[in-house]
Amino acid sequence: MALRMWASSTANALKLSSSASKSHLLPAFSISRCFSSVLEGLKYANSHEWVKHEGSVATIGISDHAQDHLGEVVFVELPEEKSSVSKEKNFGAVESVKATSEILSPISGEVIEVNTKLADSPGLINSSPYEEGWMIKVKPSNPAELESLMGPKEYTKFCEEEDAAH
Amino acid sequence: MRGGSLWQLGQSITRRLAQSDKKPLSRRYFASEADLKKTALYDFHVAHGGKMVPFAGWSMPIQYKDSIMDSTVNCRVNGSLFDVAHMCGLSLKGKDCVPFLETLVVADVAGLAPGTGSLTVFTNEKGGAIDDSVITKVTDEHIYLVVNAGCRDKDLAHIEEHMKAFKSKGGDVSWHIHDERSLLALQGPLAAPVLQHLTKEDLSKLYFGQFQILDINGSTCFLTRTGYTGEDGFEISVPSEHAVDLAKAILEKSEGKVRLTGLGARDSLRLEAGLCLYGNDMEQHISPVEAGLTWAIGKRRRAEGGFLGADVILKQLQDGPTIRRVGFFSSGPPARSHSEVHDESGNKIGEITSGGFSPNLKKNIAMGYVKSGQHKNGTKVKILVRGKPYEGNITKMPFVATKYYKPS
């Protein structure tokens, strides 16, 4: 299992460093001891979603750790634009070959954009969970909710403890 | 046909799983390793990167380093080696073992040529399925059969109870449970060429459904040309102390093309082949007729009965069953077990019992039961996934054409 996750995070590392990003600064990432990559500058929920807060927009997706445990994603169900999401409430689902997982929103707000690429290419969640695999962009209704989320170090530790427990 | 309920797999995935919007979120399955049984290949699996999960009381590999999708595709392109030693193999012996077994299964056991076997169903008094099984008549006084791991205790208790009664009336039958042996399944286009390297017997003469006791890789094995994938292949019962060596030899002879394959891919493969998974597509309350296994009920048996629940089953054969198992294609998210099936007007006509995304066809496939009359191929349906209806249609199975080795 360690080998597979290492291969997965290496692939992710390569993807991250070669993809053209909006800013010229490549995001820094840390390889956790559980071998999934955890990105700096993001906040994480204990249900494995990440949030990137830039001004009045928050982008949401699922972490590398999550996509690795899920396996190949074959279908993603996302909400409509203008619908609202609530903290810790389900806003969609991710289907892999073997299982369905709910996606919970780490924050509350209004959905202003949905990643339509995921309809034809659900595998982007596996290959690029922090970049091309983003799911929804939200206008946060209560920015204070971000404070209660985990930072990268905390989340890394959280993943290790969860994995160790099984 | 084989396996047990994969949906009860302790997936040990960190996300919460929801099978449908009505089901409560399932908790993560914490099973201590010490409570689970291990096959002879346990260490071998771990050494090869196997992700071990609890299954029917055993610690089994759900996948290895390659993804379930890649693994499933590789089986049909090259081949797969499965550890199915968790399943229960047993032998029935004695002068009356054939008539004895006929009281419990729907097969025409007497009519089987020696060295030939078939899929059959153990029935209960209501005509429902206790388990499905591949039985082989080795000789008139020896039957070899394999039953599902998840049904082991239930099946053995059932057989033992009936055996006691049969013997008390003077019948000559005894059994031996092959816990000293391990079952491996080798499936795919390379199965026969690879296995041929390991035995002197001419495998080109062993056809689908046939059985032989022979030397493979230096040990006496029970070999059946059968499987749970729809591909040509074999199930090999090897003495447990030689199981690892045999697995190693098979993988080496294939030069890495045949891969160790786990239960995740096994489930995708059997679904593509349209085969039932007991616990999902077949249960105590479903008869073999409803499950589309009428072909497995021997002709003579349809006339004579003589198995548990025969009156119910014979009536269904006469009047037709009220529900039937069918295949489905659908759009949107993959339909899963317990998803409701509606007709185009929104009336409930059935339920999905197994479903998923087919790695070989790259589309959603599912099987389930619908009311008779609504079961024709091409019938348009709506399948409810998480409360939303998605377009689908009924289709015949297998979804992927089978490649059983039969005489031309």
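A: First, a term: a residue is buried under 20% relative accessible area, exposed over 50%, and partly exposed in between (1.4 Å probe, protein chains only). This is a predicted model, in which local features need pLDDT of at least 70 and side-chain atom pairs count only at pLDDT 80 or more, while totals for chains, interfaces and linings use all residues. Residues are numbered from 1 along each chain as its sequence is written, chains are lettered from A and ligands numbered from 1 in the order in which they are written, and side-chain values use heavy atoms, with hydrogens and water left out.

Now the domains. Chain B is assigned domain 1 (35-321) and domain 2 (322-400). These bounds come from an automatic or database domain assignment. Taken over C-alpha atoms, the centres of domain 1 of chain B and domain 2 of chain B are 27 Å apart. In contact (heavy atoms within 4.5 Å) are 20 residues of domain 1 of chain B and 23 residues of domain 2 of chain B.

Next, the area. Interface size is often given as the accessible area lost when the parts come together. Buried area here is that loss (1.4 Å probe), summed over both parts. Domain 1 of chain B and domain 2 of chain B bury about 1,700 Å² between them. Carbon and sulfur atoms carry 56% of this area. On the domain 1 side of chain B, L271(B), E272(B) and P321(B) supply 36% of the area buried against domain 2 of chain B.

What about polar links? A salt bridge is a side-chain nitrogen of Lys or Arg within 4 Å of a carboxyl oxygen of Asp or Glu. By that rule, zero salt bridges cross between domain 1 of chain B and domain 2 of chain B. Polar contacts do occur: 13 residue pairs, both residues at pLDDT 80 or more, join the two domains of chain B. A polar contact is a pair of N or O atoms within 3.5 Å; within protein, one must be able to donate a hydrogen and the other to accept it, and residues adjacent in sequence count only if both atoms are side-chain atoms.

Helices (H or I, at least four residues) and strands (E, at least two) are DSSP runs, numbered from the N terminus. α2 (68-77) and α7 (263-272) of chain B each supply at least two residues of the domain 1 side that touches domain 2 of chain B. The largest share, five residues, comes from α7(B). By residue type, this side of domain 1 of chain B divides into ten nonpolar, five polar and five charged residues. Here Ala, Val, Leu, Ile, Met, Phe, Trp, Tyr, Cys and Pro count as nonpolar, Asp, Glu, Lys and Arg as charged, and the others, Gly among them, as polar.

R76(B) and E231(B) meet in a salt bridge (2.8 Å, N to O). R76(B) lies in helix α2 of chain B and E231(B) in the loop between β11 (219-224) and β12 (233-239) of chain B, so the pair ties together parts that are 155 residues apart in sequence. R76(B) is buried at 9% relative accessible area, and E231(B) is buried at 3%. E231(B) also forms a salt bridge with K403(B) (2.9 Å, N to O). K403(B) lies in the segment after β19 (388-395) of chain B, 172 residues from E231(B). K403(B) is partly exposed, at 42%.

D281(B) sits in the loop between α7 and α8 (299-304) of chain B, eleven residues away. Both D281(B) and R270(B) are buried.

Y278(B) belongs to the loop between α7 and α8 of chain B. Y278(B) is buried, at 6%. Its side chain reaches the backbone oxygen of A129(B) at 2.8 Å. The side chains of Y278(B) and Q284(B) make a polar contact (3.5 Å).

Last, the backbone. Most residues other than glycine have a negative phi, and most peptide bonds are trans. The bond from M397(B) to P398(B) is cis, with omega near 5°. P398(B) is in the segment after β19 of chain B. In chain A, H48(A) has a positive phi of about 75° although it is not a glycine. H48(A) is buried, with a relative accessible area of 0%.

Note on methods: Buried area = accessible area lost by both parts, 1.4 Å probe.
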